[in-house]
Amino acid sequence: MNISNVKTAIRVGKIIKNPNTYKGNKYVLYPHSLKLIYDSNFPKELKSKQVSLIYFFVVDGKIVKIGQSSNKTGIQGCMNFYMVSGQDDPGLNRFAINYLIRKSLQNDGNVELYMKYQEPIKTKIQGMFGSKIMEVPVSAKGMEDLALNEYLNIEKKYPLWNYQESKVGISSEIQKIFGKYKVDRKEKINI
């Protein structure tokens, strides 16, 4: 599915290989992290604002991954985990997405990030002994589930990089690279 079909999605920016080189002394797989270049018209206050959001990784106009977040550091904090994977201690899924973004960039792919978000809502919250009107985030997981189901209903499959939902394992190639990286990260230092 093309991102152009999602009329209300906001273009956050594009992903590139960071020109800055890793300076730490721990072993890293990639000397250059990835970098999100924000669109000039993307609202600055939205970068780190806590909202419930779904994000779309898009390669050459096609949605390849739908994810969600409601962390306190907004889209910027959410994406940082993906951008530095291979220079930190990631889990397999985050490592795989970083790897796939890099492969797309190597093949001259245009990798973009889009998002949709919802502001927190005021509602009555139950505590142990009473209730209180509070502003709380909407379930980002619910937003993601809805978006994935809409995608599935149209395309009859999940986005290519949504491995968990597709119940398709991450390729053995990526798993081997990940396993070697985890061992090397424990045993080597960056030279």
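Reply: Buried means under 20% relative accessible area, exposed means over 50%, and partly exposed is in between, with a 1.4 Å probe and protein chains only. This is a predicted model: local features need pLDDT of at least 70 and side-chain atom pairs count only at pLDDT 80 or more, while totals for chains, interfaces and linings use all residues. Residues are numbered from 1 along each chain as its sequence is written, and side-chain values use heavy atoms, with hydrogens and water left out.

Me: What's the phi of aspartate 60?

Reply: Near 50°, again positive in a residue that isn't glycine. Aspartate 60 is in the loop between E3 and E4, and its relative accessibility is 51%, so it counts as exposed.

Me: Switching to the sheet. In what order do the strands go?

Reply: E2-E1-E5-E3-E4, five strands in an open sheet with antiparallel pairing. Two strands pair if DSSP finds at least two bridges between them. The twist averages 30° from one strand to the next.

Me: Which strands stand at the edges?

Reply: E2 and strand E4 (62–69). Each has a single partner strand, so one side of each is left without a neighbour in the sheet.

Me: How many bridges join E3 to E5?

Reply: Eight, and the two strands run antiparallel. Within that region, valine 58 stands opposite glutamate 112 in E5.

Me: Which strands does H2 touch?

Reply: H2 packs on the sheet and touches E1, E2, E3, E4 and E5, with its direction at about 45° to that of E3. Helix H4 (residues 140–155) lies across E3, E4 and E5 and runs at about 160° to E4. Contact means heavy atoms within 4.5 Å. For the angles, axes are lines fitted to C-alpha atoms (for helices, over the stretch in contact), and values run from 0 to 180 degrees between N-to-C directions.

Me: Now the greasy bits. How many residues are in the largest nonpolar core?

Reply: It has 34 residues, and Tyr55, Phe57 and Met79 have the most contacts inside it. A nonpolar core here is a set of buried Ala, Val, Leu, Ile, Met, Phe, Trp, Tyr and Cys residues joined through side-chain atoms within 4.5 Å. Elements giving two or more residues to this core include strand E1 (10–17), strand E3 (52–59), helix H2 (74–83) and helix H6 (172–187). H3 gives the most, with six residues.

Me: What does methionine 79 touch?

Reply: Skipping neighbours within four places in sequence, methionine 79 is in contact with Leu36, Tyr55, Phe57 and Leu113. There's another core apart from this one, with 14 residues, among them Met1, Val6, Ala9 and Ile66.

Me: Aromatics next. How many aromatic pairs are there?

Reply: Eight. Rings of Phe, Tyr and Trp (its six-membered ring) pair if their centres lie within 6.5 Å; planes under 30 degrees apart are stacked, over 60 edge-to-face, and the rest tilted. Take tyrosine 27 and tyrosine 181: their centres are 6.1 Å apart and the planes at 40°, so this pair is tilted.

Me: What does that pair tie together?

Reply: Tyrosine 27 lies in the loop between E1 and E2 and tyrosine 181 in helix H6, so the pair ties together parts 154 residues apart in sequence. Tyrosine 181 is at 1% relative accessibility, so it counts as buried. Ring pairs also link Tyr27, Phe95, Phe178 and Tyr181 into a cluster.

Me: And tyrosine 55 with phenylalanine 57: what kind of pair?

Reply: Edge-to-face, at 5.6 Å centre to centre and 75° between the planes. Phenylalanine 57 is buried at a relative accessible area of 0%.

Me: Last one: which ring does arginine 102 lie over?

Reply: The face of tyrosine 30, at 3.6 Å from the ring centre. Lysine 47 lies over the face of tyrosine 38, at 4.3 Å. The rule is that NZ of Lys or CZ of Arg is within 6 Å of the ring centre and within 35 degrees of the ring normal.

Definitions and conventions
Helices (H or I, at least four residues) and strands (E, at least two) are DSSP runs, numbered from the N terminus.
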